Amino acid sequence: MKRRSGFVESSIAGMTTESLTPMAEANRLSAMLNLVLKSESERFPVDVKSLALECSKNRFPGDPITKIEGHDLPGFEGMLSPNAARTKWKIVYNDSQRSSGRIRFTLAHEFGHYLLHRNRQDKFMCSDLDMNDWDSNERQIESDADTFASTLLMPLDDFRRQVSGEKISFDLIDHCANRYGVSRTAAALKWIEIAPKRAILLASRDDHLLWARSNKAAYKSGRYFATRKQAIEVPAGSIAHSCRRSESLLQQSASARLWFPAEPEAMPITELIHSSGQYDYTLTLLLMPDAEWRYDTGRMAWQGRQAR
Ligand SMILES: [Zn+2]
């Protein structure tokens with residue numbers, strides 16, 4: 001994108017090259033883009049390809065990213081690799097992937113590896129497999145690259161402005177997914193990160209959980225699903241369950257015990273689902289009020305606060 005070049009060069013010239021946290025690194029780029037791209041339509045979605053090429057060329061002229069291209073990459077979403085002399089880097093994304101949102105996220109993820117980790121590994125081959133399968137070093141590196149990508153593509157301040165005061169729904173999530181050019185799942189994961197209460201996003205197929213992610217409040221109160229350790233079924237009373245889904249019910253309020261038997265009886269849960277023909281899985285968002293510490297049956301345990 002030519003319009004950015006001049007400013008990127010001068011903006012980046014004064015930047016130091018110390019390694020920042022994934023979030024700080026993404027925020028630094030966002031601050032620069034906010035200055036350069038004044039109009040809403042230019043600012044989002046982020047043109048990751050141009051940004052990665054220009055930013056690396058200006059900031060790291062000794063080993064920039066010089067090529068970003070799509071290839072057949074069976075089993076992988078993306079790859080970052082240097083030439084033999086390590087004087088230039090290439091990002092390859094899987095071009096059998098049809099979703100432009102997933103490709104944008106993959107490019108941002110690989111750009112994150114370049115900025116944060118390129119001196120730590122010879123090459124990065126990235127898949128969307130569950131990170132629990134990896135050792136802790138790999139997991140940290142992949143999680144950092146995801147954090148960088150999510151923060152770069154969906155800056156928190158802008159994301160908050162999009163959702164503040166709005167009732168949560170998959171329409172709202174889709175509005176964010178369109179604005180930032182990311183998948184519905186990536187936008188929903190961002191939303192649970194800033195959700196004011198306990199929130200869990202999960203995907204299911206054939207009435208079994210494929211994966212689930214709890215936000216901090218839910219995780220800390222013990223409300224998460226260990227999907228890699230055991231097969232977990234979708235409860236029959238939930239609207240994510242296939243026999244109920246045919247009723248086209250997209251939202252319901254129920255007792256939290258439907259999903260979490262240890263919750264107090266009065267604890268409510270709101271369940272929202274999205275199940276379109278486009279994907280072969282159902283996305284479910286579970287929302288619960290906060291939990292609090294309570295002394296219970298002789299031991300400290302997390303208990304849900306009564307419904308408010
Ligand atoms: Zn990766």
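Visitor: What makes Lys-190 a buried residue without a salt bridge?

Guide: This is a predicted model, in which local features need pLDDT of at least 70 and side-chain atom pairs count only at pLDDT 80 or more, while totals for chains, interfaces and linings use all residues. Residues are numbered from 1 along each chain as its sequence is written, and side-chain values use heavy atoms, without hydrogens and water. Buried means under 20% relative accessible area, exposed over 50% and partly exposed in between (1.4 Å probe, protein chains only); Lys-190 is buried. A salt bridge requires a side-chain nitrogen of Lys or Arg within 4 Å of a carboxyl oxygen of Asp or Glu.

Visitor: Which residues are in contact with Lys-190, leaving aside neighbours within four places in sequence?

Guide: They are Ser-150, Thr-151, Met-154, Leu-156 and Phe-159; contact means heavy atoms within 4.5 Å.

Visitor: What makes Glu-142 a donor residue of the zinc ion?

Guide: Donors are N, O and S atoms within 2.8 Å of the metal (3.2 Å for Na, K and Ca); water is not among the atoms, so sites may look incomplete. His-109, His-113, Cys-126 and Glu-142 coordinate the zinc ion at 2.0 to 2.7 Å; Glu-142 therefore qualifies through its OE atoms. His-113 lies in helix α5 and Glu-142 in helix α6, so the pair ties together parts 29 residues apart in sequence. Helices are DSSP runs (H or I, at least four residues), numbered from the N terminus. Both His-113 and Glu-142 are buried.

Definitions and conventions: Helix = DSSP H or I, 4+ residues; strand = E, 2+ residues; numbered from the N terminus. Lys, Arg positive; Asp, Glu negative; His and termini not counted.
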